[in-house]
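Dear colleague,

Please find below the structure that I am handing over to you. My notes on it follow directly after.

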Amino acid sequence: RYPPAVDANAMSTEPPAKTARTAPSGTATFERGALRCEVTVVDLGPKMPIATGICFLNHMLDQLVSHGQLGIGVQVSVDDVACLPESDYALQATGGRIADPSAQNMPRPHDQAIFEIVGEAVGTALRGATAGVRSGLAPSRFCAPLDESITVATVGLGDSHFSFSLAPYGAIPPEGREWIGLYRTVFTCNFWQALQRALGARVELTKVRGANAHHVVEATFKSFARALRANIDAAQEILIGELGAGVVAGEKVRGGARIRSTKETTIEVDLKLDGSGVSQISTGVAMLDRLLGEISAASGMWLRVKCDGDLHIDDHHTAEDVAIAIGQSLHDALGDKAGCNRMGSASATEGGALVEVVMDLSNRPHYESDLALNEEWADGMSCEMIEHVFDSLATNSRSTVHVVCRARRQGSGASSELAIATARAFGLALRQCAAIDPRRAGLTASSKGTLSV
């Protein structure tokens, strides 16, 4: 019924296109009983105050600003009293500011209505801001990670459909959390459904995994923001790869290097992020060389690795120490990540394997995988060390990395196929994350304003 979904961060090999950009905007004002909600949205606009009366909801809307590159201002008033950005509407009269369980017992007659009126107003303002880019668009998909959680958003401005599956919100308690601060999780769906109806778009939100309620909800807002941004950009024929692959003439080359010597290994690593994808790798473990070469080629990174390890014992120290050194070099090359796209996801195949890697240059190391490498060896390398290599790369580059097995075959050699597909997807995701988006003007893609602490 609609064209196939496109990757939210699809790369292009074509030369950068010069596209004139405007700053379309939309506004909305809604009233319901004691509530009044005013919203302004400006594409690529400045940061504006957000005051919904529920502080965690403010924080979530700020994800649309940071990850969707949207200027969003929200002002909710209750009985003609304007809510403050850092105060809950039920506590504002008393000056209370702490979102603890005792505050949940206070009268909260407007919670559901706030979620719905804010969702409707934001959706309406977004509709105005995207009025010129709505026809003939394929939906965009983005998968955003946040520590142990990942959610998928599909957003299409060309048709209208809604699906939502996030519950349970966290794993403790087993039935999920009812509250995040003074934000009632049950009304999350109300917000998104109201936004989708007002926006008149395809909005599909699905949790892939997640044990922390805060992370599940935040990853959802980030996924939506990134998918929406991709749909807007697609309409204007702008792709992340066209915005800027990395450095330009006169800028410092993004590179990193390590020389590491222990009783177990002697290692030299040198890499440049904005390279040609050419590699010179010699670790003594053929499968390790293959995986690192796949990452280099897919990411466009120039990579040189030389290792003399204690292979007379086994492959453990060589694989582990090489991955540590490369991960540390990547961390150095990425620096403060200013201007980076930061998040990305990519899929790759090898034989019967289809693997998706979801990555965030978050400075919050986390690795999670469901590969289930169930053979002892993969082309002469121990399978447990293959998982350890990807874990060490993520941890030492201080990235969040999720590996999701989408398809696999059974039988001998299946683990080798999974490993190679993972390496390719890892490289493609890294390329997306490390790409420079000049529209960010050197700023970090984070509601915190920094990824350095």
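The angles run from 0 to 180 degrees between N-to-C directions, and the axes are lines fitted to C-alpha atoms, for helices over the stretch in contact.

The model is a predicted one, in which local features need pLDDT of at least 70 and side-chain atom pairs count only at pLDDT 80 or more, while totals for chains, interfaces and linings use all residues. Residues are numbered from 1 along each chain as its sequence is written, and side-chain values use heavy atoms, with hydrogens and water left out.

Overall composition

The protein has 9 helices and 22 strands; these are DSSP runs numbered from the N terminus, with helices being H or I of at least four residues and strands E of at least two. Of its 453 residues, 56% are buried, where buried means under 20% relative accessible area, exposed means over 50%, and partly exposed lies in between (1.4 Å probe, protein chains only). Among contacts (heavy atoms within 4.5 Å) between residues at least 6 apart in sequence, 78% join residues at least 24 apart.

Helix 2 and helix 3

Helix 2 and helix 3 (residues 188-199) have axes 7 Å apart and pack at an angle of about 30 degrees. The two helices are therefore roughly parallel to each other. Their crossing is right-handed, a term that applies if the near helix is turned clockwise from the far one by less than a right angle, left-handed being the anticlockwise case. Helix 2 contributes residues including Phe-115, Val-118 and Val-122 to the contact, and helix 3 contributes residues including Phe-191, Ala-194 and Leu-195. By type, the residues of this contact divide into 9 nonpolar, 6 polar and 3 charged. Here Ala, Val, Leu, Ile, Met, Phe, Trp, Tyr, Cys and Pro count as nonpolar, Asp, Glu, Lys and Arg as charged, and the others, Gly among them, as polar.

The nonpolar cores

A nonpolar core is a set of buried Ala, Val, Leu, Ile, Met, Phe, Trp, Tyr and Cys residues joined through side-chain atoms within 4.5 Å. The largest such core comprises 62 residues, and Leu-61, Val-118, Phe-221 and Phe-224 have the most contacts inside it. Helix 2 (residues 111-129) supplies the largest share of this core, 10 residues. Apart from its neighbours within four places in sequence, Leu-61 is in contact with Ile-50, Thr-52, Val-74, Val-118, Val-122, Phe-191 and Phe-221. A second, separate core holds 56 residues, among them Val-285, Ala-348, Met-381 and Ala-394.

Helix 7 and helix 8

The axes of helix 7 (residues 316-334) and helix 8 (residues 383-396) come within 7 Å and cross at roughly 25 degrees. Helix 7 is thus roughly parallel to helix 8, and the crossing is right-handed. Residues of helix 7 including Ala-323, Ile-324 and Gly-327 meet residues of helix 8 including Met-385, Val-389 and Leu-393. The residues of this contact divide into 7 nonpolar, 7 polar and 1 charged.

Individual residues

Arg-226 lies in helix 4 (residues 213-235) and is buried, with a relative accessible area of 5%.

Thr-349 is placed in strand 17 (residues 343-350) and, at 46% relative accessibility, counts as partly exposed. Not counting residues up to four places away in sequence, Thr-349 touches Leu-354, Ala-421 and Arg-424.

Backbone features in loops

The loop between strand 9 (161-165) and strand 10 (179-180) contains Pro-168, and Pro-173 is found in the loop between strand 9 and strand 10 as well. The peptide bond from Ala-167 to Pro-168 is cis, with omega near -5 degrees; the bond from Ile-172 to Pro-173 is also cis, with omega near -5 degrees.

Asp-80, which is not a glycine, has a positive phi of about 65 degrees. Asp-80 sits in the loop between strand 5 (70-78) and strand 6 (81-82) and is exposed, with a relative accessible area of 78%. Ala-372, likewise not a glycine, has a positive phi of about 55 degrees. Ala-372 lies in the loop between strand 19 (366-369) and strand 20 (377-378) and is partly exposed, at 49% relative accessible area.

With kind regards

How values were computed. Parallel < 35°, antiparallel > 145°, perpendicular 65-115°, else oblique.
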